[in-house]
Number of protein chains: 2
Amino acid sequence: METHRRGETISQATAQAGANIAFVKYWGNRDDALRLPLTNSLSMTLDTAVTITTVMFEQGLAQDVLVLNEQVVGGEALTRVARHLDHLRQLAGVSWRARVISRNTFPTGAGIASSASAFAALTVAAAAALGLSLSPRELSVWARLGSGSAARSIFGGYVELHTAARHEDAWAHPIAPPEHWRLADLVAVISREHKSVGSTGGHRLATTSPLNVARLAHVHTALAQARSAILARDLEMLGDVLEQDALTMHAVMMTSQPSLLYWEPGTVAVMHAVRRWRQEGIPAYFTIDAGPNVHIITEPAHVTALQDRLRELPFVQDVIVCYTGAGARLLDVSTPTTPSPT
Amino acid sequence: METHRRGETISQATAQAGANIAFVKYWGNRDDALRLPLTNSLSMTLDTAVTITTVMFEQGLAQDVLVLNEQVVGGEALTRVARHLDHLRQLAGVSWRARVISRNTFPTGAGIASSASAFAALTVAAAAALGLSLSPRELSVWARLGSGSAARSIFGGYVELHTAARHEDAWAHPIAPPEHWRLADLVAVISREHKSVGSTGGHRLATTSPLNVARLAHVHTALAQARSAILARDLEMLGDVLEQDALTMHAVMMTSQPSLLYWEPGTVAVMHAVRRWRQEGIPAYFTIDAGPNVHIITEPAHVTALQDRLRELPFVQDVIVCYTGAGARLLDVSTPTTPSPT
């Protein structure tokens, strides 16, 4: 295959970025092409759920190549990566094609969105390989173009993504670093099945819900409360906000036209269990992304007990534990023209 | 027990009323004491889910007595019935106490709200026994004071309850009689457990949800669409409206403070099943009241197939089938002082 023929490596870089879990989520864009969200959003970057991506610009490569978790990938995934590289190539004024080798340290389809860590790592690696000198804020702007939530994964700890009317003004910024407050995110895996409507398609439906305007109006309050709760390290306050926010987002999803019901029986079982355990004194709160799996946010001291309890629930296939993590970082870069090291 | 001693019966009447299933529901009151709902609501009266109530005003009875499904009942249920009788006694200018003997033809806790049929039957029977000559509209006004949805059960077929600023202006009226369109309501019973927060308590929480205002704004559209769909006998249009309306109501419940999550794993399983079957060509739509059980609205031709499929689902304990039914009616009345027939 022509796309597998190795050429001379012009330059290459490797970066890693953590996934993140949003406490105040965004659903719906004001501009789908530019991925300018309808609202701000706020998340915690995760430590062990990481994407590591090497971008190798090669002489003579006819088109971009994507190798994801050891598999050559084409189709929509490749198109999205190539389009993302196009933006950065344009910025650098080059037309080199790249071999992108990416792997996740977490299983696919397990309820941890890989697009955030993937596009954050891709942006950092590609920018470095292209010799672009971008600030973290600029990196978050470009990462956003690949995946809205990737803008947040540029930073570690607690991060807010600001929406804006223009591409260059919609960036993320850190609210507090990971050392400020160590929290855990336990992902109760209910189903590994591919969701029938992905986030990109779902975002387009947000405005068809009669509840969307109310959610938009309320997000300001939720964000302010979440920021205060994080700065004060107040898990009860943060938990109330993140649980209600997840429910309002799913309310918008369920009442859009067509209706998106991401929950499965096990989703509801875990929601009830978390509330039951909370009544027993365990500070645990749930949030749910565009899928059936449930994220349980708690303090590190309660991880073992919660993990045991979650594994005993009939619908839970697996539990993945992550903690507050650092931002995206460059692991390696070599910009002069050298032979490919592999 | 003094309350069981039989006195002379002054007058008595027996009435029956059907339960109803709301296609556009109300959640929240503008006045809790008067049960003046925040919005109009629209329902179908059910045929086989019926309450039959005899009200016997007896000489020398020290307080009202309630016998519900062969059991003498006190507490909150008796207080609510006694308070309801007080309104009608005041209207009639008497102070007689009553023995109220009531039974439902449908199981308690099976997802068919008994308060609508109970207070409709009680109102019709008590008014007749008290010699009050009330129009159906007036009966619906008084029934509403006992239970908001009881106002609708005064009428058969398709019924809308109008909210208003004053007690006497909030009445139900029929949109179409039962003969207009025969639909079926299959109740998939998921759980018979008593819900932890009943409707009366839940209504008070509606305004604490950030989504409530959006639901209030949208209900006008939903009602208009439901009315049109009923008049045109358009199940697809009606189904879209009733499914979305149930979801918006549960969205308000889930995002209220405290959050009310009435759904169980089986609720979600049935919701997904109904949508799957619809994709296979069976016109079936779900709605859910303040509990975990799911009502499936369909045409009579599809009842057998749906019943079989529902019974095969792992979470479904029972399926109850009802059709469009008639309004409340008086079965028997004897106003002169005669000995109790029992």
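Modeller: Gladly! Let's begin with a term: a salt bridge is a side-chain nitrogen of Lys or Arg within 4 Å of a carboxyl oxygen of Asp or Glu. Please keep in mind that this is a predicted model. Between domain 1 of chain A and domain 2 of chain A, the count is three salt bridges.

Colleague: Why is the pair A:Glu160 and A:Arg227 called a salt bridge?

Modeller: The closest N and O atoms of A:Glu160 and A:Arg227 are 2.6 Å apart. The cut-off is 4 Å, so the pair qualifies as a salt bridge.

Colleague: Where do the two domains of chain A run?

Modeller: Domain 1 covers 8–180 and domain 2 covers 184–323. Their C-alpha centres lie 23 Å apart.

Colleague: How do you know which residues belong to the contact between these domains?

Modeller: Contact needs heavy atoms within 4.5 Å, so 33 residues from domain 1 of chain A and 45 residues from domain 2 of chain A are included.

Colleague: What area is buried between the two domains, and which residues stand out on the side of domain 1?

Modeller: About 3200 Å² is buried, with carbon and sulfur atoms giving 65% of that area. A:Phe23, A:Lys25 and A:Trp27 supply 28% of what domain 1 of chain A buries against domain 2 of chain A, more than any other three residues.

Colleague: How many residue pairs are in polar contact between the domains?

Modeller: The count is 10 residue pairs, both residues at pLDDT 80 or more. On the side of domain 1 that touches domain 2, strand 4 of chain A gives the largest share, eight residues. By class, that side has 17 nonpolar, 10 polar and six charged residues.

How values were computed
Residues numbered from 1 in each chain as written. Chains lettered and ligands numbered in written order. Predicted model: local features only at pLDDT ≥ 70, side-chain atom pairs only at ≥ 80, totals over all residues. Heavy atoms only, no water. Domains from an automatic or database assignment. Buried area = accessible area lost by both parts, 1.4 Å probe. Polar contact = N/O pair within 3.5 Å; in protein donor to acceptor, adjacent residues only side chain to side chain. Helix = DSSP H or I, 4+ residues; strand = E, 2+ residues; numbered from the N terminus. Nonpolar A, V, L, I, M, F, W, Y, C, P; charged D, E, K, R; others polar.
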